[in-house]
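Subject: Structure handover

Dear colleague,

I am passing on the structure that we discussed, with notes on what was found in it. Please look through the sequence and the coordinates first, and then read on.

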Amino acid sequence: MKQLIDVADFINSRRISPYQWVILVIATLIAAVDGLDVAIISYLIPSLSHDWGLPKAAFGQVIGAGLFGVAIGALTVGPLSDRKGRKTVILLALALCAIGTFGCAWSGSITEMTLWRFITGLGLGAALPNATTILAEYSPERHRARLIAVMFVGFSLGAASAGFTAGWLLPLIGWHGMLVLGGVLPTLCAALVWLVLPESARFLVVKGAPAAQVARILSRIGTLHSGHDIGFTLPELRGAQHSSIAGLFKGGLGLGSALLWVAYFMGLLVYYMLTSWLPSLIVQTGQPIGMAAVVSAMLLVGASTGTLLMGWLMDKVRPTLIVAAGFVFGSLLLLHVGRGLDSFLELEVCVFFAGFFVSGALSSMNTLAAVFYPTQSRASGVSWMLGIGRFGGILGAMGGGWLLGAGWDISRIFMALAVPTLLAGLALAFKCMRYREGHDVSAGDVVAAH
């Protein structure tokens, strides 16, 4: 008689193995490369403007094309993972990142660079959700939020390294060389994925792969105490089966999907407005650009710290409640800044905690999406949340310019940003009340409360 092994139970019942640590390292590297490629173009605009004789504002379409490509990539390329495999789509995504960035390096006009940046965005939009998905599917439930938090700190560090790298290498190799470097890194990362990263064992089980193939992977995580006649199963295989996109709306998940989208859209709107325009807002108050850079860095430091702490708390308490609280506290902090501060030091502290709560909550939402959906729809669920949220990011990046042009100062803008931040928290608070979740529920088995 064939012995059935539950893959979720097998992973959850064991300590994290060296093989799973390797998967975490690779996922973090993917996130870091993603973060660097997202941020690098903004540091090259002054050099491009000088060499091509164009105003800096003309390169807004290049940045916009990249963000739009990220959204389209998440919505279209990302869900292929639920049909073709996590590893396959990660390789495709990294290839698009490399091709697009190399294309930008040899562009001769702003039109060419806009097209290549859109292609880069397609890859960026697909890489991160699929790296999140494969890490979630190899993480024990009790440690999942913390491991994904570590991965997203990699994204923040990658974005930060773009600035440090540009400051060091741009005078030496120019914008062409910086973009070539930006293409080489995803190429090397793709080679590492090809050689080392396994396909998701959960995905293989859902797709009916041979038991021997699944057993080879799981045997690197822990000993399989069984005979040769074994099979593998998952909790979600016992219910109704749906296609990847349809699975976002079936079985009572439709409302939860919408609430995740609303929260992520609002969160990215706030994040991109802050990261895109905070230095300009601070300079507008009469502070030198050096001080503005310090305050902007505090946002990033707060984001990394908040992501790690929230990841730890999410493994202890109801995850959605933790993230909802982060957004609510963040909205109160933004409102406090909007009412006026007494000193520059107080602004630094408040910006740090704004990053801690708002950016920490935003990064933690990737965990919420990863554990909300079943294996058949998990990559689609994470990708669609990220893709729809990117339109909020585009609105935030553009909206900051509109508000500055309309004469809004830092106080009014921070008070306005408190509103979407609060809406994100309220959306997740409602999701927390509507859906049961807990450490007794396997990933993909979050169910609607009745």
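The protein has 15 helices and four strands, where helices (H or I, at least four residues) and strands (E, at least two) are DSSP runs numbered from the N terminus. This is a predicted model, in which local features need pLDDT of at least 70 and side-chain atom pairs count only at pLDDT 80 or more, while totals for chains, interfaces and linings use all residues. Residues are numbered from 1 along each chain as its sequence is written, and side-chain values use heavy atoms, with hydrogens and water left out.

Overall dimensions and surface

Because a compact globule of 450 residues would have a radius of gyration near 22 Å, the 22 Å found for the protein agrees with that expectation; the radius is taken over C-alpha atoms, and the globule rule is 2.2 Å times the number of residues to the power 0.38. The C-alpha trace spans about 75 × 50 × 35 Å along the principal axes of the protein. Of the 450 residues, 57% are buried, where buried means under 20% relative accessible area, exposed means over 50%, and partly exposed lies in between (1.4 Å probe, protein chains only). The accessible surface comes to about 17,700 Å², and 70% of this surface belongs to carbon and sulfur atoms; the areas come from the Shrake-Rupley method with a 1.4 Å probe, and for residues only the protein chains shown count as cover.

As for contacts, meaning heavy atoms within 4.5 Å, 84% of those between residues at least 6 apart in sequence join residues at least 24 apart.

Helix α3 (residues 60-77) has 18 residues and reaches 25 Å from its first C-alpha to its last, close to the 26 Å expected at 1.5 Å a residue, the expected span being 1.5 Å times one less than the number of residues. The buried residues of α3 include V62, L67, V70, L75 and V77, as well as the glycines G66, G69 and G73. Helix α5 (residues 86-105), with 20 residues, reaches 29 Å between its first and last C-alpha, close to the expected 28 Å, and α5 is mostly covered, with 15 of its 20 residues buried.

Individual residues

T120, in helix α6 (residues 110-138), counts as buried because its relative accessible area is 0%. Leaving aside neighbours within four places in sequence, T120 is in contact with L96, C97, G100 and T101.

A145 belongs to helix α7 (residues 144-196) and is buried, with a relative accessible area of 4%. Apart from neighbours within four places in sequence, A145 is in contact with G311, M314, D315 and T367; A145 and S49, which are 96 residues apart in sequence, are 42 Å apart in space, C-alpha to C-alpha.

S363 lies in helix α13 (residues 344-372), and its relative accessibility of 16% means that S363 counts as buried. Not counting residues up to four places away in sequence, S363 touches F152 and T307.

R216, by contrast, counts as exposed at 55% relative accessibility; this residue is placed in helix α9 (residues 211-218). R216 and T305 are 89 residues apart in sequence and 37 Å apart in space, again from C-alpha to C-alpha.

With best wishes
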